[in-house]
Amino acid sequence: MRRRIAAVVALLVGAATVVLAVVVAVSQFPRGLAVLACVVIAAVAAWYGVLRRGIARVVGLAVAGLALAGVVVLVVVGGSFGVDLIVVVGLLVTLAATRAAFTSHVDLPRVPPPQHPVLFFNPKSGGGKAERFAVAKEARDRGIEPIELKLGDELETLVRDAVARGADGIAMAGGDGSQAIVAAIAAELSLPYACIPAGTRNHFALDLGVDRDDVVGALDAFVNGGERLVDLAEVNGRVFVNNVSLGLYAEAVQRTGYRAAKIRTILDTVPDALGSGGSELDMRWTGPGGHAHRGGAAVLVSNNRYRLGRAVGSGTRPRIDDGLLGITVMGAPAEAGQRHLERPWREWSAPSFEVDADRPLPAGVDGEALVLDAPLRFRIRPGVLRVRIAPQHPGSSPSALAPEGLRDGLAALWHIALGSDRKAATSP
């Protein structure tokens, strides 16, 4: 019923917002056209500025700032600020209702709980979430042995020692880098694994269907939780649960001064990647059509495909058991040797992928800054991880039911509103 109400709200408010926006645009012509022109000028000038250094950068960013100021002036002076605000609020309400309509809860198959489950926790991760939520005590209350990761400890050694002592289920309360280590061992030994969202962002937990706001409740995965099989990915034999980033961001993180001035360091890296003489980030890879390419501002290889550039579910993976890597190349040249850009990004899926270079490549692996020897060989490992999830948690990604396109999205909302939704939330 909540999904039906949300779908009705999304359809009604969305339709009213579109009608109001059209009326405003027609009645106040050519102000709307001028606003659009200022937005385009701001985008072009900002792009010009970040590709350059010195006075050229200052001029480009200054023009972008003036163009954005023009947008504000046109909206305020135009005398319809209140109406414009209503349009913006209507859009936000529509998006929120649409997300709620596509929210799913999966009833995973129940399985017997492990007899000797062990929880590994990093007390400093996520700003001290493990300590703040007293996960050690909560784990003991559920019959789970807690083991604290202390300074100087090797997490892999702790996990393997616990398994040698009889642990038959392993969980991790910490960041995604730590989750990858524990998940890799669980997959290797075919042990049930639970992800406790005690890190900073907890992307893996989100896409698994773990409620990131319920740290303590996630422990119920080893009490009465259900089980699902998901994929892991690896690069040069190293397992990752989310993604590996190469190029612009990975280079910036490696540079001296990044921690003290992140934005400035990233901006200083951009000309090396995309400027007219930029060659520092040169990478070689093969596209989905089998053609060889060079360059690209950034390459993102993920454990299953991320949904990018969508209003609903953007930045999440609809599935994490699809058996394919997600590959995204930003600023990819059209063909090897050509300097112009074909389009801003290229996205596809494949079971394996390789990136070569003439030097070791800086990489961000699940948020950890590393340098990896080329070539980088990526592959997916389908269905190798037995994940336990608490019964009160969603059990699937927030974008699992969200359609890809606008037309499909409207049709799905209509079916949900009528109670004839053909996408029942019965599988992850």
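A contact here means heavy atoms within 4.5 Å. Among contacts in the protein chain between residues at least 6 apart in sequence, 71% join residues at least 24 apart. The model is predicted, so local features need pLDDT of at least 70 and side-chain atom pairs count only at pLDDT 80 or more, while totals for chains, interfaces and linings use all residues. Residues are numbered from 1 along each chain as its sequence is written, and side-chain values use heavy atoms, with hydrogens and water left out.

The secondary structure of the protein chain comes to 13 helices and 16 strands; these are DSSP runs numbered from the N terminus, helices being H or I of at least four residues and strands E of at least two. Of the 428 residues in the protein chain, 46% are buried, where buried means under 20% relative accessible area, exposed over 50% and partly exposed in between (1.4 Å probe, protein chains only).

Val355 lies in strand E13 (residues 352-356). Val355 counts as buried because its relative accessibility is 0%. Leaving aside residues up to four places away in sequence, Val355 touches Leu246, Met283, Arg284, Trp285, Val299, Leu361, Pro375, Leu376 and Phe378. Trp285 is 70 residues from Val355 in sequence, yet their C-alpha atoms are 4.9 Å apart.

Glu154 sits in the loop between strand E2 (145-148) and helix H7 (155-164). Glu154 counts as exposed because its relative accessibility is 56%.
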